[in-house]
Amino acid sequence: MSNEFPREKRPVRKHMDPYHRREDGGDEDNSGIIEGRNAVIEALRAGRAIDKIYLAKGETDSTLGHIASKGRAAGAVVVETDRRKLDQMSITHSHQGVIAIATVKEYVTVAQILDLARERNEDPFIIVCDEISDPHNLGAIIRTAEAAGAHGIVIPKRRSAGVTPIVEKTSAGACFHMAVARVPNITAALKELKENGVWVYGTAADGTAPLWGTEFSGPIALVIGSEGDGMSRLVADTCDFTVSIPMKGKMSSLNASVSAGVLIYEIMRQRSLQVE
């Protein structure tokens with residue numbers, strides 16, 4: 001793979017500052033719900049982009065097994081759940097043990113996000129979400145990233161919120177203007193970015209450099225860890241740098257979308273100065 005954005009040797013910058021989950025509650029927006037066995041099967045057959053499929057726990061019906069198989073093959077997350085949750089989600093009261101959540105938009109590839117940066121004649125600025133499970137957090141991150149001029153968002157297929165109607169609402173429509181890639185493996189996606197000359201910055205409470213002492217220049221991918229556990233070990237090991245946000249109060253961490261906002265706008269600030 002060609003290195004379109006050369007990763008020039010980056011010196012370690014001296015510190016300029018002395019300081020160094022919510023779970024998916026199933027509150028999906030009704031506008032994306034597809035209920036019933038035939039309806040879900042037809043949606044899959046028609047190629048409708050499905051983010052998640054909820055199946056009644058304990059069911060052994062072959063039709064539901066067929067839906068699960070087809071859904072996984074199409075890239076949907078298949079979850080077994082209690083019938084009471086399905087009843088609460090249902091608006092037809094006839095879900096037949098299956099409810100699917102349609103995605104708001106089509107996903108792109110990591111390569112397409114890099115192509116977008118080339119088309120704009122800009123260094124790539126990409127936000128990578130490592131298992132952000134709360135759709136409100138994902139929507140807020142997408143809104144901030146779009147406002148700051150990021151070229152794309154990368155999310156994993158598993159253990160992560162997808163671009164569902166509730167994410168669209170939280171993003172205030174920003175997801176319609178933001179390229180989102182949904183990948184099988186975040187570590188592999190980061191390696192693809194690095195092969196294309198992108199520097200990868202991870203966020204961690206014990207990061208090797210504080211935010212205010214970190215230089216953000218050139219092609220950048222910023223990794224935001226999950227709400228509860230932060231970045232996974234393999235993802236953290238793949239990063240070129242890890243950055244911490246200075247904390248002076250008694251709290252040791254910020255909400256994932258707030259952390260993303262602080263970092264995204266510091267990157268935007270530095271990139272604006274470089275242009276000037």
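## Basis and confidence

Residues are numbered from 1 along each chain as its sequence is written. In this predicted model, local features need pLDDT of at least 70, side-chain atom pairs count only at pLDDT 80 or more, and totals for chains, interfaces and linings use all residues, while side-chain values use heavy atoms, without hydrogens and water.

The average pLDDT (the predictor's confidence in each residue, from 0 to 100) is 84 for the protein. At least 70 is reached by 88% of the residues. Residues 11-29 stay under 50. For that stretch the model has 49 contacts (heavy atoms within 4.5 Å) beyond four places in sequence. Where pLDDT is low, the predicted coordinates should not be read in detail.

## Nonpolar cores

A nonpolar core is a set of buried (under 20% relative accessible area, 1.4 Å probe, protein chains only) Ala, Val, Leu, Ile, Met, Phe, Trp, Tyr and Cys residues joined through side-chain atoms within 4.5 Å. The largest has 34 residues; I127, I153 and I224 touch the most other members. Elements supplying at least two residues each include strand 5 (125-129), strand 6 (152-156) and strand 10 (220-224). Helix 9 gives the most, with five residues.

Another core, of 20 residues, lies apart; among them are V110, V183, V223 and M231.

## Residue E106

E106 sits in the loop between strand 4 (98-102) and helix 4 (110-119). Helices (H or I, at least four residues) and strands (E, at least two) are DSSP runs, numbered from the N terminus. E106 has a relative accessible area of 55%, so this residue counts as exposed (over 50%). Its C-alpha lies 8.2 Å from that of V180, 74 residues away in sequence.
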